[in-house]
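This report is meant for someone meeting the structure for the first time.

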Amino acid sequence: MEKIIDCKGMACPLPVVNAKKAAEELNAGDVLTVLVDNEIAVQNLSRFAEHKGFGVSAGKKADQEYAVVMQISGAAEAAREEEVACRMDSRRKGMLVVLSANVMGTGDAKLGTALMKAFVFALTRQDQLPDTILCYNTGASLTCEGADTLEDLKLLESEGVTILTCGTCLDFYGLKEKLAVGGVTNMYDIVERMENAAQIIKP
């Protein structure tokens, strides 16, 4: 069986997210072809395929059109089983994600905002979800009304992820009445959770 998905015009990480979803629906021996319009997407998809143990090749079909072809291996079934297992015990892993700003990295604010949105979205698509997400300083706005990240954070919360936002930060930025997902926390709790975390991820 061969499946073709068109991811041209999609921003990172959507080509990889869609390829992952499509691969999970295929069996060993099937072929997945992903169409994209830039070399960065080709590189990201190739790395994804290699990580999953799939055979992979890529070629340029036309200007701004590339095809990444993946040969699905027996690892696909194992990956599906692993994903189920990881999601079942993800809260026992002690993974803590810290969002201390409403942008990711330093530099252009518009780019930083887009990167943070992509990071939170990609977080929802991971095989292993975090136990807790802590938001403070300008990161407090990510859990409030009007935030581009709100729906993805609500999805994570529905999957059992604890989402907590610094109360002092909400007060400082006048956002206390706009909190739309998760609960409110304090600095003592933030420090305690960081000390007890098995792994801390901070974009």
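## Charge and overall make-up

The chain carries 21 positive and 29 negative side chains, and the centres of these two sets lie 1 Å apart. The model is a predicted one, and its C-alpha trace spans about 55 × 35 × 25 Å along the principal axes.

Within the chain there are 7 helices and 9 strands. Of its 203 residues, 42% are buried, while the accessible surface comes to about 10800 Å², with 52% of that area belonging to carbon and sulfur atoms. When contacts between residues at least 6 apart in sequence are considered, 70% of them join residues that are at least 24 apart.

## Aromatic pairs

The count of aromatic pairs in this model comes to 2. One of them joins phenylalanine 48 and phenylalanine 54, whose ring centres are 6.4 Å apart and whose planes stand at 80°, so this pair is edge-to-face; the angle that counts as edge-to-face is one over 60 degrees. Phenylalanine 48 has a relative accessibility of 11% and therefore counts as buried, and phenylalanine 54, with a relative accessible area of 7%, is buried too, since buried means under 20%.

An edge-to-face pair is also formed by phenylalanine 172 and tyrosine 173, with 5.0 Å from centre to centre and 85° between the planes. Phenylalanine 172 counts as exposed because its relative accessibility is 65%, and the cut-off for exposed is over 50%. Tyrosine 173, by contrast, has a relative accessible area of 37% and is therefore partly exposed.

## Strands around S4

Strand S4, which covers residues 65-71, pairs in the antiparallel sense with strand S2, residues 31-36, over 6 bridges. Within this pairing, leucine 35 stands opposite alanine 67 of S4.

Strand S4 also pairs with strand S3, residues 55-62, again in the antiparallel sense and here over 7 bridges. Serine 57 has valine 69 in S4 as its bridge partner. Strands S3 and S4 form a hairpin with 2 residues between the strands, and in this hairpin glutamine 64 takes a positive phi near 60°. Taken together, S4 has antiparallel pairings with S2 and with S3.

Notes: Residues numbered from 1 in each chain as written. Heavy atoms only, no water. Helix = DSSP H or I, 4+ residues; strand = E, 2+ residues; numbered from the N terminus. Buried < 20%, exposed > 50% of the residue type's maximum accessible area, 1.4 Å probe, protein only. Contact = heavy atoms within 4.5 Å. Areas by Shrake-Rupley, 256 points an atom, 1.4 Å probe, with all protein chains shown as cover. Lys, Arg positive; Asp, Glu negative; His and termini not counted. Charge placed at Lys NZ, Arg CZ, Asp CG, Glu CD. Phe/Tyr/Trp six-rings, centres within 6.5 Å; stacked < 30°, edge-to-face > 60°. Pairing = 2+ DSSP bridges.
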